[in-house]
Amino acid sequence: MRRISNVLMAALLVLVGLAPAQALEGPVLVFGGTSGTGLATVQNLRADGIAVTVFVRPTSDTSVLESLDVSTVVGDALNAADVERAFGTADFEAVLSSLGGRRGEPRPDLDGNVNITNAAKASGVKRIIQISSIGVGSTREPPGEGAGFMDEVFYLKTLAEDHLMESGLDYTVIRPGGLRRGEATGTGVLIEEEKMGSIDRQELGRLVAGALADDSTIGKILFGIDPALPVPEEE
Ligand SMILES: NC(=O)c1ccc[n+]([C@@H]2O[C@H](COP(=O)([O-])OP(=O)(O)OC[C@H]3O[C@@H](n4cnc5c(N)ncnc54)[C@H](OP(=O)(O)O)[C@@H]3O)[C@@H](O)[C@H]2O)c1
């Protein structure tokens, strides 16, 4: 009943031009929500009053999350059973993966994301956003001899994207440009055309929270850049 009246209210607000065409009610499950882009997205969702559960590791720094009134589930994204358990803790409307690797740890870019995609599908959570990276793409070949660290990471992310796009879920893949540590600028964009650029994690989090509520982003690969910022120099 609450869902129906919220939908009616959203429709009325759209008619009078006060709201975006879709509304996100939540709750949203966030992987990688303890720092960077994931945390910035959580902050934006909470500012909009949306309930959030963040998947954290036993070692994660949760000090910022504590002030945001979120639920947490403890586990490791590399452990499929932990990920499945997280999906069982609420009736989630959407899931975000902003997993990123820490130096000296196993990369979660492929196995962590595959666990999330599989668990979303098994638990009936259709809406999913995966943060990937510019430079990733289905034409990428397995890294050969002498390949650099980033070639390996891009290849893992390519496989994770492919697995998601073949899953039948309502996906959006977001490939940001170079990530910076500044504040939200209000000038970032999500675009379908691949363009080199950079973007602050806070700004990207604002855009990701918006994309979760925007059904027109479903089934798309979107590049996240801030045209007001300098383009990072090629190596
Ligand atoms: N750096 C760049 O310029 C750049 C450019 C384009 C795209 N990207 C991509 O954008 C995404 C977001 O990057 P970011 O720098 O904003 O994020 P980040 O600060 O590196 O955060 C990574 C998150 O992943 C979590 N995580 C890592 N391994 C995990 C595991 N096994 N189980 C559960 N959680 C795990 C971390 O949790 P803990 O707090 O427990 O460590 C943290 O919350 C990443 O996919 C990154 O590769 C980065």
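Q: Contact means heavy atoms within 4.5 Å; taking contacts between residues at least 6 apart in sequence, what share joins residues at least 24 apart?
A: In this protein, 65% of those contacts join residues at least 24 apart. Keep in mind that this is a predicted model, where local features need pLDDT of at least 70 and side-chain atom pairs count only at pLDDT 80 or more, while totals for chains, interfaces and linings use all residues. Residues are numbered from 1 along each chain as its sequence is written, and side-chain values use heavy atoms, with hydrogens and water left out.

Q: How many helices and strands does the protein have?
A: Helices (H or I, at least four residues) and strands (E, at least two) are DSSP runs, numbered from the N terminus. Here you get 7 helices and 10 strands.

Q: And what part of the protein is buried?
A: A residue is buried under 20% relative accessible area, exposed over 50% and partly exposed in between (1.4 Å probe, protein chains only). Of the 235 residues, 42% are buried.

Q: Which residues have the most contacts inside the largest nonpolar core?
A: General idea: in soluble globular proteins, nonpolar side chains tend to be buried together. A nonpolar core is a set of buried Ala, Val, Leu, Ile, Met, Phe, Trp, Tyr and Cys residues joined through side-chain atoms within 4.5 Å. The largest one here has 26 residues, and Leu24, Val28, Val42, Leu45, Leu65 and Ile129 have the most contacts inside it. At least two residues each come from β1 (28-31), α2 (36-47), β2, β4 (94-97), β5 (127-131) and α7 (201-212). α7 gives the largest share, with 6 residues. There's also a second, separate core of 20 residues, with Leu29, Phe31, Ala86 and Ile116 among them.

Q: Zooming in on Leu45, which residues is it in contact with?
A: Skip the neighbours within four places in sequence, and Leu45 is in contact with Leu24, Val28, Ile50, Val52, Ala209 and Leu212.

Q: On to helix packing: at roughly what angle do the axes of α2 and α7 cross?
A: Axes are lines fitted to C-alpha atoms, for helices over the stretch in contact, and angles run from 0 to 180 degrees between N-to-C directions. Under 35 degrees counts as roughly parallel, over 145 as roughly antiparallel, 65 to 115 as roughly perpendicular, and the rest as oblique. The α2 and α7 axes come within 7 Å and cross at roughly 55 degrees, which makes α2 oblique to α7. The residues in this contact include Ala40 and Leu45 of α2 and Leu204, Val208 and Leu212 of α7. The contact residues split into 6 nonpolar, 7 polar and 2 charged.

Q: Is the crossing of α2 and α7 left-handed or right-handed?
A: A crossing is left-handed if the near helix is turned anticlockwise from the far one by less than a right angle, and right-handed if clockwise. For α2 and α7 the crossing is right-handed. α4 also passes α5 in a right-handed crossing.

Q: How do the axes of α4 and α5 cross?
A: Helix α4 (residues 80-87) and α5 have axes that come within 9 Å and cross at roughly 40 degrees, so α4 and α5 are oblique to each other. On the α4 side the contact uses Ala80, Val83, Glu84 and Phe87, and on the α5 side Asn115, Ile116, Ala119, Ala120 and Ser123.

Q: Last one, the backbone: which residues does the cis peptide bond join?
A: Most residues other than glycine have a negative phi, and most peptide bonds are trans. Here a cis peptide bond joins Gly26 and Pro27, with omega about 0 degrees; Pro27 lies in the loop between α1 (2-15) and β1. Asp69, not a glycine, has a positive phi of about 55 degrees. Asp69 sits in the loop between α3 (63-66) and β3 (71-74) and is exposed, with a relative accessible area of 61%.

Key:
Contact = heavy atoms within 4.5 Å. Nonpolar A, V, L, I, M, F, W, Y, C, P; charged D, E, K, R; others polar.
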